[in-house]
Amino acid sequence: MLTYLDHHASTPCDPAVVAAMAPWWTANPANPSSRLHRPSLEAGAAVDIARHRVAGALGMADEAVIFTSGATEANNLALRGAAEAALERGNPRRRLVTLATEHRAVLEPLAWLERHGFPLTVLPVGADGLVDPDRLAEALGPDTLLLSVMAANNEIGVLQPLAAIGALCRQRGVLFHCDAAQAVGHIPLAMADLGIDLLSLSGHKLYGPKGVGALLRRPGVALAPQQLGGGQEGGLRGGTLPVPLIVGLGAAVAGA
Ligand SMILES: Cc1ncc(COP(=O)(O)O)c(C=O)c1O
C-alpha cells in the first residue's frame with residue numbers, strides 16, 4: 001500500500017468530493033452559460049452553490065469569487081490584474097512588495113511586472129520564517145501599490161501575522177494580496193477581518209480536485225482580466241466553467 005506524505009504538494013481527493021463531482025461529467029454535461037435549457041440552469045445552480053460555499057469559507061459575499069484553474073492563475077490575475085488596472089486608472093503608485101519565501105507562482109509574476117515598469121522590493125524573513133514588522137512598515141511607502149504575503153508557507157508551514165499586515169496595508173493605502181493556497185481549508189481565514197483585498201486558493205491543497213481554484217476579491221478592488229474570452233466570471237476570467245471541478249471545490253471547502 002502507498003504511504004503518501006506529501007500533502008503540501010497535493011492532497012488526495014476526498015471520496016465524498018469525487019462522489020459530488022460524478023454527475024457533472026456525464027449525467028449533466030451542460031454549459032452553465034447556455035441558460036437555454038434545464039440542464040444548463042441546473043449546472044448554473046450547482047456552480048452557484050459552490051460559489052456560495054467558497055465565499056462563505058472566507059467570510060465574503062458570493063460576488064467576491066472568481067473561479068480559476070488554481071492558485072497559480074489566481075496569483076497571476078491578482079498581481080498582473082491589479083498592476084494593469086492601476087496603470088489604466090492613472091494610479092501613480094507602482095511599487096510591489098513581497099517576501100523572499102513566497103511561492104514561485106507569486107515571485108515569477110512579480111518579476112515579470114518588475115521587467116515591465118513596476119519596481120519590486122523582496123524582503124527577507126528571519127530564521128523563524130517571519131517577516132520583521134519594522135522592515136515591512138519601512139518598505140510600504142507612498143509609492144507602494146501592492147503587498148503580497150502568503151498565509152502559510154508551502155515548505156515550513158510558518159503562518160505570517162496576517163491581521164497586523166492587513167492593518168498596516170489599510171493604514172498605508174496599499175493593496176494586500178494573500179496567497180492562501182496552503183491555508184484555506186486548514187485554518188480559519190476571514191478576509192475582511194484580516195484586511196485582505198485579494199486571496200488565492202487551490203482545490204487540490206484541501207482534498208479537492210486539481211485544476212480548479214479561485215481568486216477572492218474585496219468589492220471595489222480594481223482588476224484587469226488576464227484571460228479574455230466569453231465574459232465568464234464577470235468578464236474577469238474568460239473560459240467555460242469546469243462544472244465538475246467547481247462542484248468538487250465547493251464540496252471540499254464545505255467538508256473542510
Ligand atoms: C503557496 C502556494 N501557492 C501557489 C501554489 C500553486 O498552486 P497550483 O499549482 O494549484 O496553481 C502552490 C502549490 O504548490 C502553493 O503551495
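## Ligand shell

Twelve names make up the shell: the ligand is surrounded by Gly70, Ala71, Thr72, His103, Met150, Asn154, Asp179, Ala181, Gln182, Ser202, His204 and Lys205. A residue counts as near if one of its heavy atoms lies within 4 Å of the molecule. By class, the shell holds 3 nonpolar, 7 polar and 2 charged residues. Here Ala, Val, Leu, Ile, Met, Phe, Trp, Tyr, Cys and Pro are nonpolar, Asp, Glu, Lys and Arg are charged, and the others, Gly among them, are polar.

This is a predicted model: local features need pLDDT of at least 70, side-chain atom pairs count only at pLDDT 80 or more, and totals for chains, interfaces and linings use all residues. Residues are numbered from 1 along each chain as its sequence is written, and side-chain values use heavy atoms, with hydrogens and water left out.

## Polar contacts and burial

For Ser202 the distance is 2.5 Å. For Thr72 it is 2.7 Å. For His204 it is 2.8 Å. Taken alone, the ligand exposes 400 Å², and the protein buries 83% of that (Shrake-Rupley method, 1.4 Å probe).

## The ligand's pocket

The ligand takes the space of the second largest pocket (more than half of its atoms lie within 2 Å of the grid points). A pocket is an open set of points on a 1 Å grid over the protein atoms alone, where a 1.4 Å probe fits, with protein on both sides within 12 Å along at least five of seven lines; lining residues have an atom within 4 Å of a point. Its volume is about 220 Å³, the space filled by probe spheres set on the points.

The lining has 18 residues; Ala71, Thr72, His103, Ala181 and Lys205 lie nearest the centre. Helix α3 (residues 71–88) gives the most, with 4 residues (a DSSP run of H or I, at least four residues).

## The largest pocket

The largest pocket holds about 260 Å³. Among its 16 lining residues, Pro32, Ser33, Arg35, Arg51 and Leu241 lie nearest its centre.

Note on methods:
Polar contact = N/O pair within 3.5 Å; in protein donor to acceptor, adjacent residues only side chain to side chain. Helix = DSSP H or I, 4+ residues; strand = E, 2+ residues; numbered from the N terminus.
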